[in-house]
Amino acid sequence: MAQGLIEVERKFVPGPGTEERLQELGGTLERRVTFRDSYYDTPELSLMRADYWLRQREGSGWELKCPGAASVPGPHTKYMELTAEPAVVAQLCEVLRAEVPGAGGVAAVLGPLGLQEVASFVTNRSAWKLVPRGADEEERPLRVDLDTADFGYAVGEVEALVQEEAEVPAALEKIHSLSSMLGVLAQETAPAKLIVYLQRFRPQDYQRLLEVYSSKEKP
């Protein structure tokens with residue numbers, strides 16, 4: 001797989017005072033933005049069932065989230081992010097066991113790979129960054145996104161980007177520390193916007209995913 005950044009994140013349910021608390025902790029509001037995300041998969045959800053998530057974000061292009069190696073258990077996720085279209089196409093072909101087609105971007109291979117839009121929604125986001133106390137100047141800030149989707153679901157996310165697998169435990173420690181300062185309970189989890197979208201508007205697809213992931217959790 002082409003090397004990308006490793007995204008370590010934890011989702012939570014934001015409260016009415018979350019932005020004020022971020023300001024108290026020294027967070028900086030970078031921007032407020034509205035965008036549409038469209039997700040693509042096969043009719044059988046071959047990508048999502050294998051924990052691959054293909055998204056086209058309005059104004060930002062394509063992204064494929066690929067599962068990271070297993071590490072510390074807990075209420076967080078870890079993904080490798082691919083955004084270069086040749087790398088995305090190559091990885092899609094590998095997961096779907098398809099021949100790599102000729103030159104062309106992601107849009108050109110949607111049809112040949114049997115991929116179609118399975119979800120599309122608009123998000124209003126306030127994007128924050130916060131440098132953990134005691135961090136050195138070169139350290140990447142933590143990012144906190146507070147999202148409200150156009151179907152009424154609100155979710156927050158604390159995220160750290162690292163380049164090496166060895167950096168993940170330290171990133172997790174910072175994420176959990178900040179989450180705690182934001183009042184998030186230790187084992188609190190919140191589903192992603194896409195999962196809630198499927199649950200509400202494509203219940204059969206949601207059930208299909210639920211069967212896969214509930215079986216994976218069994219010993």
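Author: Let's start with R125, which counts as buried because its relative accessibility is 12%, and buried means under 20% relative accessible area, exposed over 50% and partly exposed in between (1.4 Å probe, protein chains only). This is a predicted model, where local features need pLDDT of at least 70, side-chain atom pairs count only at pLDDT 80 or more, and totals for chains, interfaces and linings use all residues. Residues are numbered from 1 along each chain as its sequence is written, and side-chain values use heavy atoms, with hydrogens and water left out.

Reader: What makes R125 and D145 a polar contact?

Author: Their side chains are joined at 3.3 Å. The cut-off is a pair of N or O atoms within 3.5 Å; within protein, one must be able to donate a hydrogen and the other to accept it, and residues adjacent in sequence count only if both atoms are side-chain atoms.

Reader: Why is the pair of F121 and Y197 called tilted?

Author: The ring centres of F121 and Y197 are 5.5 Å apart and the planes sit at 35°, so the pair is tilted. Rings of Phe, Tyr and Trp (its six-membered ring) pair if their centres lie within 6.5 Å; planes under 30 degrees apart count as stacked, over 60 as edge-to-face and the rest as tilted.

Reader: And why is the pair of F151 and F201 edge-to-face?

Author: Their planes are at 85°, with centres 5.8 Å apart, so that pair is edge-to-face.

Reader: Why does F201 count as partly exposed?

Author: F201 has 47% relative accessibility, so it counts as partly exposed, whereas F151, at 14%, counts as buried.
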